[in-house]
Amino acid sequence: MSYRYDIRLSGSGGQGLILMGIILAEAIGIYDGKYVAQTQSYGPEARGGSSKAEVVVSDAEIDYPKALKLDLLLAMNQKSCDDYYMDLKPDGILIVDSTFIKQLPTPRAYQIPFTRIAREKLKREMVANIIALGAISKLAPIVSSRAIEAAVLARVPKGTEKLNRDALKAGMTAAQKVKKISFPNTPAGFEDEDT
Amino acid sequence: MKKKVQKRELLLQGNEAVVEGALKAGCNFFAGYPITPATEISEILSVRLPQLDGTFIQMEDEIASIGAVIGASLAGAKAMTATSGPGFSLMQENIGFAVIAEVPCVIVNAMRGGPSTGLPTMPSQSDVMQARWGTHGDHPIIALCPSTIRECYDLTIKAFNYSEKFRVPVLLLVDEVVAHMREKITIYEDEDVEIFNRVKPTVPPEWYIPFEDTPKGVPAMANFGDGYRYHVTGLTHDIRGFPTSRPDEIDPFIRRLFRKVSQNFADIQIGEFYQTDDADITIIAYGCVARSARRAAADGRERGLKVGVLKMNTIWPFMRASVEKVLRTSKVVIVPEMNMGQISREVKRVNKGDAKVFTINKVDGKIITPQEILSRIKEVY
Amino acid sequence: MAEITRLIHEYLRHDKKFPHVWCPGCGIGIMLGALIRAIDKTGYSKDDIVLVSGIGCTGRLPVYVDFNTLHTTHGRALTFATGIKLAKPRLKVIVIMGDGDAVAIGGNHFIHAARRNIDLTAIIVNNNVYGMTGGQYSPTTPYGMKSTTTIYSNVEHAFNISELAVTAGAVFVGRGTVYHAKLLDSLMEKAFAKVGFSVVEIISHCHTQFGRLNRMGTAVEMMQWQRDHSVTVEKAAQMKAEELKDKFKIGVLVDRELPAYQDEYEKVRKWAKGTEKR
């Protein structure tokens, strides 16, 4: 029986969630060689409003392309955290941007201030999404750090490679620090070679 | 020595795969007008076509876009446009022109919620009947509907092939989910893909009969500027292309337009049966909903229900034979659609009573989920 | 006479579709004569000429002439012509329209074709009325005139087609009348020679509908009206505004240079291929 790993990246328009979804799907699909389906939903606003991107991963062709029960939820604002927390599997991973999310629905959540790190360490708020991708590669057993780096560098504008590489590293470092809670139910074949 | 396979492994959006398919098919002309959720097709072709010596133009509206596409095709181009509901409505008159003047072209409709401006960024399947009967007058139409990124690529190629083979406009109905979804696709550059180009006349110009009634029903097509000077009109015309009001010329002409499609059903009607042989319950679905149906069937089988799926890639002409087959062998047929029941009407029309037909109609701008299909099965079976 | 016979044999589908649909006395016949003479003078091969029309009395013109001919939908002739020109730029594409065709239902296409400066010649026969459907008012029906849908009197104001073309960016705009047949020949020749969007507006008459409703007399009398109310551009330059009050100008209204769309697009192709830098 093939497995299915469902990811939702959520927040507000302008936080770069759809680009994140594309990069994550590319990393898993092209660089890690698995089946992926990436979808998104968004409102008419280019900035603001709510926005989400979903990535479904499998070792076989994917039928239903949208996320069902979530294995991984990234919430970049309070509203998305509140709205989607209930879709998480009991052993699913919740990662939140603690810059904006003050009320946690569960203590079993990884809290990283992606936006604050972006603002303070990298001086560019717009790379919060890349920092989050770096963190995901360390916290979720679904994508390798090598694949995520390759995918990020392939998608970002020329001349911003260093900034984005630094952002990824910052995310990975932050993830190592918060990795206190263990998630035992890692599906076979998902071991991250870097950890 | 083994030939090195040139392959590209890409993560593509449905709209991007449509572009790749179009270029593979030889599309060298695109005219369009920006509209969500079809805009990506314009944007990418505005970059790619000039690189390939083709032409991209953004026209002043959708009416102009389809006009330019038909004009370009008459001059020999392989031409396409892409739009969504409101623009598709505007194109209808000239789609009829392409039908009566037998001009090959491809029209992509990335379906969003309607009526009117409706839901620009949300999916729907509500243009199915407009695709069939949107333009006035009695006419046949070919409409294809992909449910995966691979199918976006393959069916776009097929759309061009059918348009050139049968001299018809071909519609590609892509719902917003598929248009904007991304999946991995491997494109082999040296892949042996069948590309069909219109049959040109071989006779000298003075013998050329531009709308001749041939056994296949498809006359050879001369391009403007090739030395065959002939008349093309939206008026009902005789075999030479001149307007006619003679009943003995009108009737065979209109019938030929139908015949050239109807005698090729086997070639045009594409679909797939998944575990329908032993199925008590068959789900008939198309577009993104076919994927929900596959999932629902798999989940149903796990629970001991014999569920199968008939996925339709050809929406028009209606796949009557395939549908009749599952109606004969199943006890229950479920037709989930993101509209108030457009294909289900057709299914009910051809049902001889062997199966009970139930619908799922979802019109809230969201995809029908596998759970919704499963609960409907539990409700009715 | 021999010359006329030659032109008829060379350019008309004389053995096929005649007699034509137009009323006796219609101006379209005069315009068709000028069109053929001008095309003959320019020396194009018939295979390289595409004649495109919309719907209405002018829409029926292409069927009678031996070119690549295309009779499209109402108002959309310019859009089809745009596709043809871009797909095969070596073709000479001429678009024949009426006033309703060009500036009512097709008004948007008209101004955008001019703005884009695509290399087409638009020939617009302006007879102030929808003739084929029975004499309804058009965007060029003058204020105060009658039509079958303004039977009390038209309270809308008319478009000036040539001025619209000038403003929208056409590189050549000429206006003539069917009374001034010789002038039509020369305006069309100049328009065909121009690269870019060229317009020839032809003031014509519809004695069957417009003339009858407005008591303007026979075709001949309506042509006399054209003679009496037109002033050449050159002469108009010497006249006072009040003298020009109920007159319209004929001749070349604009002739200017601007790169045509397909030449500009050729640059886009070079930039896209990287063979030239922008």
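**Exercise 1. Determine how many residues of chain C are in contact with how many residues of chain B, and which elements of chain C supply the contact side.**

Solution. In this predicted model, 35 residues of chain C are in contact with 38 residues of chain B, two residues being in contact if their C-beta atoms, placed from the backbone, lie within 7 Å. The side of chain C that touches chain B draws at least two residues from each of β2 (68-71), α3 (77-87), α5 (107-116) and α11 (261-273) of chain C; here helices (H or I, at least four residues) and strands (E, at least two) are DSSP runs, numbered from the N terminus. The most comes from α3(C), which gives 8 residues. By class, this side of chain C has 14 nonpolar, 11 polar and 10 charged residues, where Ala, Val, Leu, Ile, Met, Phe, Trp, Tyr, Cys and Pro count as nonpolar, Asp, Glu, Lys and Arg as charged, and the others, Gly among them, as polar.

Residues are numbered from 1 along each chain as its sequence is written, while chains are lettered from A and ligands numbered from 1 in the order in which they are written. Because the model is predicted, local features need pLDDT of at least 70 and side-chain atom pairs count only at pLDDT 80 or more, whereas totals for chains, interfaces and linings use all residues.

**Exercise 2. Work out which strands of chains B and C pair, and what order the strands of the open sheet of 9 strands have.**

Solution. Start with β10(B) and β2(C), which pair in the parallel sense over 3 bridges; two strands pair if DSSP finds at least two bridges between them. Within this pairing, B:H231 has C:T69 of β2(C) as its bridge partner. Next, read the order of the open sheet, which is β10(B)-β2(C)-β1(C)-β3(C)-β4(C)-β8(C)-β7(C)-β10(C)-β9(C), with mixed pairing. At the edges stand β10 (231-233) of chain B and β9 (230-232) of chain C, each with a single partner strand, so one side of each is left without a neighbour in the sheet. Further along, β3 (92-98) and β4 (121-126) of chain C run parallel and are joined by 5 bridges, with C:T121 of β4(C) as the bridge partner of C:I94.

**Exercise 3. Describe the open sheet of 5 strands in chain B, and state which strands stand at its edges.**

Solution. The order is β11-β13-β12-β15-β16 (chain B), with mixed pairing. Both β11 (271-274) and β16 (356-361) of chain B stand at the edges with a single partner strand each, so one side of each lacks a neighbour in the sheet. Finally, β11(B) pairs with β13 (residues 307-312) of chain B in the antiparallel sense over 4 bridges, and B:L310 in β13(B) is the bridge partner of B:F273.
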